[in-house]
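This briefing concerns a single protein chain. Please view the sequence and the structure below before reading the points that follow.

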Amino acid sequence: HEGRLCLNGLKSLSDAAAESLSKHEGLGNRSRYLALGPTSLSDAAAESLSKHKGVLHLDGLTSLSDAAVESLSKHKGRFIASEGTLSLNGLTELSDAAAESLSKHEGRLCLNGLKSLSDAAAASLSKHEGSLSLDSLFSLSDAAAESLSKHTGGLALAGLFSLSDAAAESLSKHEGGSLSCCGLANLPASAAQILRDAGHGE
């Protein structure tokens, strides 16, 4: 197949199919896009898909074993000057071990389904190098905010509704790339002002 390959309606994926799909290259650099919709993935299938060179969307997954996450964290996806993307937006929770694995991923990492993040997981993800998207987090502890402020790369936190002034002070020091908090409109006024004064948001 030549071009972007989107199989979001696919609800299951055999190990053999994953092995074949991992070799999809599309036509030209901008077409190395693979989107699959299975709700679960075996460890072997995850290992195969981690070898895909390009953008990899697995947003149908609602759970993953730590071993599968470890494999997917090795997905590089980088081609020419583009940043490879690994999107796991269907996950609503992430173990500390999985977060530690994903911190090693090279490229853009999308975890927009996460509703909460432990302090340990935040500390791990802060070591990730590349854009990090966590747009469904409603709140961040002071410790988690302190950790994420050290992240190198763009940081998206568009879903935040609850943030202490101390956490806002930490995030205001984020210098690794852009910091997106969805215009700050949903944050407490004092926290929003701290971020605004630091040049983040509107």
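The model shown is predicted. In it, Gly159 is found in the loop that runs between β7 (155–156) and α7 (165–171). The notes below begin with this residue and then turn to the sheet and the chain.

- Gly159 has a relative accessible area of 10%, and because the cut-off for a buried residue is under 20%, Gly159 counts as buried.
- Beyond its neighbours within four places in sequence, Gly159 makes contact with Asp135, Leu137 and Phe138.
- One of these residues, Asp135, is 24 residues from Gly159 in sequence, while the C-alpha atoms of the two are 4.9 Å apart in space.

**The sheet**
- Eight strands make up an open sheet with parallel pairing, and their order is β1-β2-β3-β4-β5-β6-β7-β8.
- The edges are taken by β1 (5–7) and β8 (179–180); each has a single partner strand, so one side of each lacks a neighbour in the sheet.
- Within the sheet, β5 (residues 108–110) pairs with β6 (residues 132–133) in the parallel sense, over two bridges.
- Cys110 has Ser133, in β6, as its bridge partner.
- In general, the strands of a sheet pair through backbone hydrogen bonds, in either a parallel or an antiparallel manner.

**The chain as a whole**
- The secondary structure of the protein chain consists of eight helices and eight strands.
- Of the 202 residues in the protein chain, 50% are buried.
- Contacts between residues at least 6 apart in sequence include 49% that join residues at least 24 apart.
- The protein chain exposes about 9,000 Å², of which carbon and sulfur atoms supply 49%.

Methods:
Residues numbered from 1 in each chain as written. Predicted model: local features only at pLDDT ≥ 70, side-chain atom pairs only at ≥ 80, totals over all residues. Heavy atoms only, no water. Helix = DSSP H or I, 4+ residues; strand = E, 2+ residues; numbered from the N terminus. Buried < 20%, exposed > 50% of the residue type's maximum accessible area, 1.4 Å probe, protein only. Contact = heavy atoms within 4.5 Å. Pairing = 2+ DSSP bridges. Areas by Shrake-Rupley, 256 points an atom, 1.4 Å probe, with all protein chains shown as cover.
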